[in-house]
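Please read each point with the structure open.

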Amino acid sequence: MSGYRGPGILRRHAIDNSCGDGAFLDEMVRRYSAEAVKAGYSGAELARDLGTYIHGLEIDGAETAKAAARIAETARRYGAAGVRWDVRCGNTLTETRYDGKMDFVLGNPPYVRVHHLADAYDAVKRYRFSRAGMTDIFITFYEIGLNMLRPGGTLGYITPSSLFHSGAAADLRRHLADGGLIRAVADLKHYQPFEATTYTAIMILRKGDPGRAASVRYFGYDPAGETERFVCRLTRGEFEIGGNFYFGPKRALARLGRILNVPARYPGLDVKNGFATLLDSFFIGDLPFSEYVIPVVKASTGRSSKCLFPYDRSGQPVPFARLGKNRLIAARYREYETRLRGRSLTDPDRWYGFGRTQGISDVYKRKYSVCPIIRTPEDLKITFCGEGVGVYGGLYILTDLDRRTIEDALLTEDFMEYVALLGKYKSGGYYTFSSKDLKRYLVWKLSETAGREPSAL
């Protein structure tokens with residue numbers, strides 16, 4: 001996808017700036033050597049070129065040695081021996097000798113949140129796209145890679161797909177879009193090529209000549225055949241929505257834009273997060289008392305249970321002394337007190353209550369629980385929860401609308417397509433979405449069904 005193939009790669013500089021044990025370098029050497037042999041290079045000429053045009057950087061000395069040995073063996077198979085390799089053990093964060101000299105920057109940069117990089121924190125924060133918030137080092141490597149390219153050069157990285165929507169990558173996205181640098185994207189979606197849990201995409205950038213970047217080639221990926229599958233060309237106006245990047249078929253993106261671009265509300269509708277007790281084993285289950293107990297639904301399963309609810313109808317905490325008048329409740333609190341106080345509490349003085357206040361004030365309202373981790377619409381497990389019923393383990397929709405209306409809006413392929421385009425992947429082929437995501441879709445869908453425009457917030 002980067003174009004590193006064919007006779008055009010001869011006498012073109014290519015680097016993997018985080019080369020590890022040389023997986024990318026080895027393929028670069030193999031391709032360069034094959035083209036050189038076709039062009040009639042002698043072994044000595046090939047050895048000279050490999051030492052001149054193939055470059056590697058790696059911070060781990062043992063990995064650097066493995067990379068050098070690996071590519072040397074590949075070069076020997078093509079008749080090149082004694083190559084003076086430019087594969088260096090060094091810190092890419094501080095290396096500048098390659099700046100403005102590379103025709104290709106190719107590889108798989110590290111993915112590490114900056115707060116895990118005590119020794120490199122200051123070096124990372126010196127880079128333009130890594131200054132804000134808790135950034136990730138892969139964002140820094142985009143800046144380093146672009147610095148290494150000469151005008152007209154190409155960067156090809158395997159990248160976390162969080163690049164498309166994370167707040168930490170906002171400045172980088174703006175730079176890529178403003179400069180017309182993006183040439184192609186292949187979204188691997190749920191397929192994970194590495195043992196790490198990161199979900200990835202392939203991003204191809206071209207430095208300079210922004211006039212040629214009128215559109216981006218978007219590809220899907222076929223894991224079975226290990227090949228990219230062309231889907232369509234997308235303009236910036238199609239794939240950039242609200243400062244984030246979304247990739248998919250044009251028709252689907254157009255509808256996504258309509259959903260996301262309209263701050264809206266619908267009368268009597270809201271979507272919120274369920275209880276966060278931070279100790280469900282204490283509050284929820286087969287309780288040996290009935291006072292201060294309400295029915296509760298676990299949104300992720302739709303199953304009902306009982307919940308100790310130390311709050312009044314207005315959502316205010318019941319005084320602990322009053323709770324303790326119930327002998328069984330008092331005994332339960334004594335047994336769990338240490339664990340209850342050890343939680344990360346919003347209000348330490350309310351140690352006997354839930355860890356967070358979310359969902360408490362809506363117990364005595366009509367609502368529908370919704371599972372926010374789905375693979376098919378049926379996984380939503382929409383469950384009606386009447387007045388006096390709590391919700392935990394997911395989301396709930398506050399509304400007086402009937403169940404049929406809610407199901408007609410959500411148990412559809414349209415909703416599934418929307419969730420997939422948001423790109424919030426979970427293992428096993430599942431997607432997740434937030435309360436805000438769900439509310440946006442519902443407002444759009446219900447307003448469309450009613451034949452009116454959503455009203456602005």
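1. Strand 1 (residues 14–16) runs parallel to strand 4 (residues 102–107), and the two are joined by two bridges. Strands here are DSSP runs of E with at least two residues, helices are runs of H or I with at least four, and both are numbered from the N terminus; two strands count as paired if DSSP finds at least two bridges between them. Within this pair, alanine 14 lies opposite phenylalanine 104 of strand 4.

2. The model is predicted: local features require pLDDT of at least 70 and side-chain atom pairs pLDDT 80 or more, whereas totals for chains, interfaces and linings use all residues. Residues are numbered from 1 along each chain as its sequence is written, and side-chain values use heavy atoms, with hydrogens and water left out.

3. Strand 8 is in turn joined to strand 9 by seven bridges, in the antiparallel sense. Tyrosine 218 of strand 8 is the bridge partner of valine 185, and tyrosine 218 also has cysteine 232 in strand 9 as a bridge partner. The hairpin of strands 8 and 9 has four residues between the strands, and glutamate 226 there adopts a positive phi near 50 degrees.

4. Threonine 96 is located in the loop between strand 3 and strand 4. Why does threonine 96 count as exposed? The reason is its relative accessibility of 54%, since exposed means over 50% relative accessible area, buried under 20%, and partly exposed in between (1.4 Å probe, protein chains only). The C-alpha atom of threonine 96 is 8.8 Å from that of isoleucine 144, which is 48 residues away along the chain.

5. A further open sheet has four strands in the order 13-15-14-19, again with mixed pairing. Strand 13 (284–285) and strand 19 (390–392) are the edge strands, each pairing on one side only. Strand 14 (residues 293–298) runs parallel to strand 19, with three bridges between them, and lysine 298 stands opposite tyrosine 392.

6. Lysine 367, in strand 16 (residues 367–370), deserves a separate look. Lysine 367 is buried but has no salt bridge, and the nearest side chain of opposite charge, that of aspartate 362, is 7.5 Å away. A salt bridge places a side-chain nitrogen of Lys or Arg within 4 Å of a carboxyl oxygen of Asp or Glu; Lys and Arg count as positive, Asp and Glu as negative, and His and the chain ends are not counted. A polar atom of the lysine 367 side chain does lie 2.8 Å from the backbone oxygen of valine 389. Leaving aside residues up to four places away in sequence, lysine 367 touches residues including Phe384, Val391 and Tyr396, contact meaning heavy atoms within 4.5 Å.

7. As to the whole chain, there are 14 helices and 22 strands. Of the 457 residues, 51% are buried. The C-alpha atoms fill a box of roughly 90 × 55 × 40 Å along the principal axes.

Note on methods: A polar contact is a pair of N or O atoms within 3.5 Å; within protein, one must be able to donate a hydrogen and the other to accept it, and residues adjacent in sequence count only if both atoms are side-chain atoms.
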